[in-house]
Amino acid sequence: MNIKSIKNLWIASLLLLTQNIDIYAQKDEKAKEILQSVTAAYEKLGGVDIKFGGSVNGTISLKNNMFMVDCDGVKTWFDGVTQWSYIEANNEVNISTPTIEEQNLINPYSILRMYEEGFNYKYAGKKKFGGETCDEIILTPEIQQYYECMKVLINPKMEPINIEFIYSEAEKEIITVKKYQKNDKLSEDNFRFDMDAHSDAEIIDLR
């Protein structure tokens, strides 16, 4: 997956928000309470493994602010400081120290924390999804970002099970959770690239 594809998957360009700014430019107390409950439920698990589909298929493992994403031929590890992106087709690994914005390009579950600063959020009511009655939250950036807004469906167990990244009225990308499972055995090593296992890989250090 190239950089453009990653951006198309996780982030979109700001297009139509100007006409809706009065609707979304707020910090809704009910939305905040739900998002806080989602974060608390996630932190209580001590680590999760997620299988997702929608616009693309893949897996993601999460613990605290660390993640490992395996999607469309690219595996990305982040241990809280350093990021390794391994492109299987080229047998190369790019090493970097990503900004928050760059982390958000790779990790869609960054919404668990990123609502706390720089975002407006609105409770949009109940919505049926996958046989469950979910709460829908709409998040929009306070300043221009790569996307117009995100629509997140949260089930009764306080798990985000569907995330829509909105480009425009006509274009969006969707991440749908197929499996959300506790894994409290994840260690920091799970979020670091194994150099020994890929000793012949080309290393591109961008730090």
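**Close-up views of a predicted model**

Figure 1. Asp79, Glu188, Asp189 and Arg192 are joined by salt bridges into a network. Asp189 is exposed, with a relative accessible area of 57%. Glu188 is partly exposed at 44%, and Arg192 is partly exposed at 32%.

**Figure 2. Salt bridge between Asp205 and Arg207.** The closest N and O atoms of this pair lie 2.6 Å apart. Asp205 is partly exposed, at 43% relative accessibility, whereas Arg207 is exposed, at 58%. The model has eight salt bridges in total.

**Figure 3. Helix α3 and its ends.** Helix α3 has 17 residues and spans 25 Å from its first C-alpha to its last, close to the expected 24 Å. Gly46, which follows α3, has a positive phi near 80°. The buried residues of α3 are Ala31, Ile34, Leu35, Val38, Thr39 and Tyr42. These residues lie on the same side of α3, because they cover an arc of only 140° around the axis.

**Figure 4. The largest nonpolar core.** This core comprises 33 residues, and Ile34, Ile50, Ile60, Leu62, Ile137, Leu139 and Ile154 have the most contacts inside it. Helix α3 (residues 29–45) gives the most to the core, with five residues. Beyond its neighbours within four places in sequence, Ile137 is in contact with residues including Ala31, Ile34, Leu35, Tyr121 and Met150.

Definitions and conventions: Residues are numbered from 1 along each chain as its sequence is written. This is a predicted model: local features need pLDDT of at least 70, side-chain atom pairs count only at pLDDT 80 or more; totals for chains, interfaces and linings use all residues. Side-chain values use heavy atoms; hydrogens and water are left out. A nonpolar core is a set of buried Ala, Val, Leu, Ile, Met, Phe, Trp, Tyr and Cys residues joined through side-chain atoms within 4.5 Å. Buried means under 20% relative accessible area, exposed over 50%, partly exposed in between (1.4 Å probe, protein chains only). Helices (H or I, at least four residues) and strands (E, at least two) are DSSP runs, numbered from the N terminus. Contact means heavy atoms within 4.5 Å. The expected span of a helix is 1.5 Å times one less than its number of residues. The arc is that of the directions from the helix axis to the C-beta atoms. A salt bridge is a side-chain nitrogen of Lys or Arg within 4 Å of a carboxyl oxygen of Asp or Glu.
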